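Hi everyone, thanks for making time.

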Amino acid sequence: MTATAVLFAQSSPRDRFQFAQQSTELKSPADFLGYELGDRFTEYERSVDYFQYLAANSDRIHLEEYGRTYEDRPLLLLTVSSEGNMARREEIRDRHAAMTNAYRLGKGDQDAFLNEPVVTSFSYNIHGNEASGTEAAQQVAYELAASNDPALLNALEESVILLFVCINPDGRNRYVSWYNTVSRATGGQEPADLEHHAPWPNGRTNHYWFDLNRDWVWGVHPESRGHTRAYQQWMPQVHADYHEQGYDANYFTMPGTTPRNQLLPDLYEGWTDTFGMANVRAFDEHAITYFTRDRFDFYYPSYGSSYPSVMGAVGMLTEQGGIAAGLAVETEDGYILTLRQRIFDHYLTSLATIKAAARNRRALLQYSLEAWDPMASKAPANAYLIENDGSEFLRDFIDAMLLNGVEMEVTTERLKAKAEGFRSGETEDRSFAAGSIIIPTEQARHLFVNSLLGRNLVIEDSVMYDMATWSAPLAYNLEAYTLNGTIQVDTEPLQENPFRYAGLVMNGTGGNPLYAAVIDNRQRNTPRALAAIWETGLRVRAAHEPFVSQEGTAFATGSLIIMAGRNLEKQKELPELLNMIAAETGVTIHTFASGRMAEGMDLGSTRNVPLKKPRVALLVEPPFNTYTSGQLYFLFDQEVRLPVERIRISKLQQTSLPKFGSRYGYADLNDYDVLILPGANRLTEVFKEKALAELTEWIRRGGTVVALENSALFFTKEGKITDLPVKSLPRDRDSSAMVVAYADREDYRGKRNIPGSALRSTIDQTHPLAFGVKPEVFTLKFGTKALTPNLNLQTVGRYLEDPDKLLTAGYAAKENLDVLAGNTWAGVQPFGRGKIVYLLDNPHYRMFWRGASRMVVNGVMWVPGF
C-alpha cells in the first residue's frame, strides 16, 4: 500500500473533500497528472504543462507568460471568462485600464463601464513552501474551463478572472523538490518527522531569499515587476491573495484587524465582510474551521492583499493552516490535516469569491470608479514634490512610480510655493528649481500616491504585522515636500525615467599619453566599477580627500584613481579596459594627461589609499536572519557584482579541526579578509570559547567584520568581544509597571518597541564608511538599542540629538526616543590591526530603504584599506 493510500485509509480526505465532477472531454488535473490532487506535490514544470494544456484546449482560457524568474522559470497568468468575453479580451482589458481615468470623462462613459464584466484576480503561492496554492489553482482553472454549473457559467459571463498561478516558482520548486525526496512510504504524520522540517533556506523565499509578498510596490525582483505590470494592465475590482500559515492554525478569511489604512474608501471594510461571509457560508456547509477579524492587518501597502486596495480594488487575504504540514500532519488537537484538505479549502474560497464578485458585479465596478476618483480622497495633499538634487536613488524612486502607473510631471521653470519639508516637518515658503518632480494627487492612483508618498500615515495600533512606515521619499532619502496649496507652474509629463547610467570616458588627455583615470565616488555605480577594476587586474587607489582638476571638475573623497604608471603591464590595453568598465557599469570615467590637480592632493599622492580586492565571506543559515542574508547576497551579486562566498556558520565552526579543509567544504576564517554577519540573536551560542577566540584573533590580525542589526551588539559589552557600551531603555523598576494584565501584555510590549519607524540621523561624510551617503539620512529603526559614542568608536551615523525632532514617520514612544537621541547606529571601531563595522540599523532593508545602503558596500570595499 502506498504512503497516500495509508493516509487516506486513516482519514478519508477524498471522501470528505470532493471536487465537483465535470462531464467533459477536458482532462482534470487528476487525469492529466496521473494522481489525485493531494496525493503528492506537483512539480512546477508539470503544473505549467497542465495550464498550457487547458489553454490549448479551452476557449475560456488564455495563457500568457509575464516574466521569468532568476532561475529561468516562466511566470504565468491565466485569463478566464466566457467564450464571448474571451473573444474581446483585449478590449475589456484596455477599457478597464482606461476607466481608471473615468473621473475625467462624462457620465455616459461611466454608465457604460458599469455594463462591463467585473475583473477578479487571484495570486497563489507567493511563498514557495505554502504550496497548496498552485495545487488549488490547477483545480480552479479546470472547473472554470469545464464546468456547466449554471452559477459558475453565470459568473464567467459576469466576470473576467485572472489567475496568477504561482508567483514564486523558484521557492516552490525548492520546497517541493525537497519534500518529494523525503516523504515516507508509511506516511509521516508525526510533527517531529523530518518531512515537516525543511532545511534552510526552505522554500518560502525566492532565489535571493526575499519575501516577495513585501515587494509588490517596489519591484526589486523580476517576479514582482512582472505581476505588477500585468496587474496594472487590468486594474481589477477584486483581488484575493492566497497563503498558508502554521499548520495548527485554522483558516483565516476576511475581514482583518487593526491597524488599517485610513485612506481607503469607507465601503472597503464592508466589502471584505461580504466576501468573507461568502467563504464562511461555504466553510459552514463543509464543517471547516475558520476565523476572521484577528491577527492579520493590511496596513503595509506592498502585500498582495493590500496593494490592490490602494489601486482601487477590494484587496483580501486568505490563510490556510498548512506550512510544513507535508501530505498530512497531526495538529495540536489531534486532528489530521491533509494536503487534500488544504487544496480543497483554497479551491472552495476561490470559487466562492468568483461567484460573490459576479453577484455584485455592478456595485464593485461602481466601487472602483469612486475609489479612482481623486475628489473622494481623504488626504489633504495636492501634490508631492521631489527635488532633482542628483540623488543616487532618485532613479529607483521614478522606476517604482512608473511601474505602478503613477502620473508625474517635471517643472520647466522655478516654482515658489508653501511646502512642508519631509526632513523638518515644517511648512514655509520655498523656491524650487526647474527640473523638480511633481506627483499630483489629482489622479486615478491617488490612494496609492498618498499611501506611499505621505510623510506619515495615521496609526491606530502600535502592534502590527509588519513595519510602521514605508514612505517612499524617506526610503530613498530624497529631498521631498508636501504641497497643500494651489500650484501654478509650467510642467512636462514624465513618462520615462530620464536618469539612466550611460557610461562614458571623458577624455582629458588632449592627445597626450594617458597619465591616470578617475571615477568620482559620488556615482551610484562606483562600487560596481571598483569590482570590475579588480576583475581586470588593474591596480587602483582611493582618494584620501576631495580634489579639483585643472578643468574645474570636482571629485569626492574615496574617488577611484587608476595610475597608468602603476599598471604598465596593461598600458596598451588600458584605454580599451576603461571603455569596457564604463560601458558595463554605467559610470563616467575622466582621463588625464597630468597628475597635477588645481585643488587638493595630486593624483599620485602617497596619501591616496591602495584598494586591494578582498576575499569576502557572508555567514548564512540560522541563527542569521534569512531575509537580511538575502539582501546582502542580492546587493553584492546583482548590484555590485563582487564575488562574496556564502558560508554556512556550521562549516565555519569546524575550522580548528586539522583533518578537514576547504576542499571538504569547511571554511577557514584565515582565508578571508572581510566577514559579513547578517542580523542574528544568540551569537554567544554560536561563537563559543574556542570559536570566539579564533574570531577575536582573526580581527586583531587585520580582519574586518561588517555586522548588521543584532549581530552588531555581539561586538559590544553584550557579546564580550569589546567593552563598547550599549544604550537602551532600562527595564521597568516600578512595581506598578511590572504588573500588566494578561490581556494587555501584547499592547504593552508593542508600545515599548519600535516596529520599523523612520528616524532622522546625521552622517559623518568624511569617514570611508559614509562615502557616497548624504549628510542626513532617514534610518529605519526596529528595536530600541543604540551604541554609546566614545573615543574608541568612530561614530559615522548618529541619531538626531533632539528627541522631539528624531521621529519622522511611524511609531516610537517618547521614552525610547529620549534614549536613542544623540547616540550611534553606525560606526567603526579599530581592533588591533582589524576593524569592526557596526550597522545597528539595516541600511538596505528589503532593498527599497536605500538612503544609507552604500555603507555596507563601503564597509566591505573601502574601509579595510583606510
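Of the 866 residues in this chain, 60% count as buried, where buried means under 20% relative accessible area, exposed means over 50%, and partly exposed is in between, with a 1.4 Å probe and protein chains only. Before I go on, this is a predicted model: local features need pLDDT of at least 70, side-chain atom pairs count only at pLDDT 80 or more, and totals for chains, interfaces and linings use all residues. Residues are numbered from 1 along each chain as its sequence is written, and side-chain values use heavy atoms, with hydrogens and water left out.

Now the overall picture. The C-alpha trace spans about 85 × 75 × 70 Å along its principal axes. A compact globule with 866 residues would have a radius of gyration near 29 Å, and the chain agrees, because it has 29 Å. That radius is taken over C-alpha atoms, and the globule rule is 2.2 Å times the number of residues to the power 0.38. The secondary structure comes to 28 helices and 37 strands; these are DSSP runs numbered from the N terminus, helices being H or I with at least four residues and strands being E with at least two. As for contacts, meaning heavy atoms within 4.5 Å, residues 24 or more positions apart account for 79% of those with a separation of 6 or more.

Let's zoom in on helix H8, residues 132-146, and what it packs against. One partner is helix H13, residues 339-359: the two pack at an angle of about 50°, with their axes 8 Å apart. Axes here are lines fitted to C-alpha atoms, for helices over the stretch in contact, and angles run from 0 to 180 degrees between N-to-C directions. H8 and H13 are therefore oblique to each other; under 35 degrees counts as roughly parallel, over 145 as roughly antiparallel, 65 to 115 as roughly perpendicular, and the rest as oblique. H8 passes H13 in a right-handed crossing, where right-handed means the near helix is turned clockwise from the far one by less than a right angle, and left-handed means anticlockwise.

Who meets whom there? On the H8 side, the residues include Ser132, Gln139 and Leu144, and on the H13 side they include Leu339, His346 and Ile354. By class, that contact has eight nonpolar, five polar and three charged residues. For the classes, Ala, Val, Leu, Ile, Met, Phe, Trp, Tyr, Cys and Pro are nonpolar, Asp, Glu, Lys and Arg are charged, and the others, Gly among them, are polar.

H8 also packs with helix H4, residues 44-57, at an angle of about 15°, with axes 11 Å apart. That makes H4 roughly parallel to H8, and their crossing is left-handed. Ser47, Tyr50, Phe51 and Leu54 in H4 meet Thr134, Ala137, Gln138, Ala141 and Tyr142 in H8. This contact has six nonpolar, three polar and no charged residues.

Back to Leu339 for a second, which sits in helix H13. Is Leu339 buried or exposed? Buried, at 0% relative accessibility. Setting aside neighbours within four places in sequence, Leu339 is in contact with Gly38, Arg40, Phe41, Ser132, Gly326 and Leu327.

Next stop, helix H18, residues 526-536. Nine of its 11 residues are buried, so H18 is largely enclosed by the rest of the structure. Among the buried ones are Pro527, Leu530, Ile533 and Trp534. What covers them includes strand E19, strand E23, helix H19, helix H20 and helix H28. After H18 comes Gly537, with a positive phi near 90°.

Most residues other than glycine have a negative phi, and most peptide bonds are trans. Where are the exceptions in this chain? Two cis bonds to look at: one joins Trp200 and Pro201, with omega about 5°, and another joins Thr258 and Pro259, with omega about 0°. Pro201 is in the loop between helices H10 and H11, while Pro259 lies in the loop between strand E6 and helix H12.

On the phi side, Arg295 is positive at about 75° and counts as partly exposed at 44% relative accessibility. Arg682 has a positive phi near 60°, and Arg682 is exposed, with a relative accessible area of 51%.
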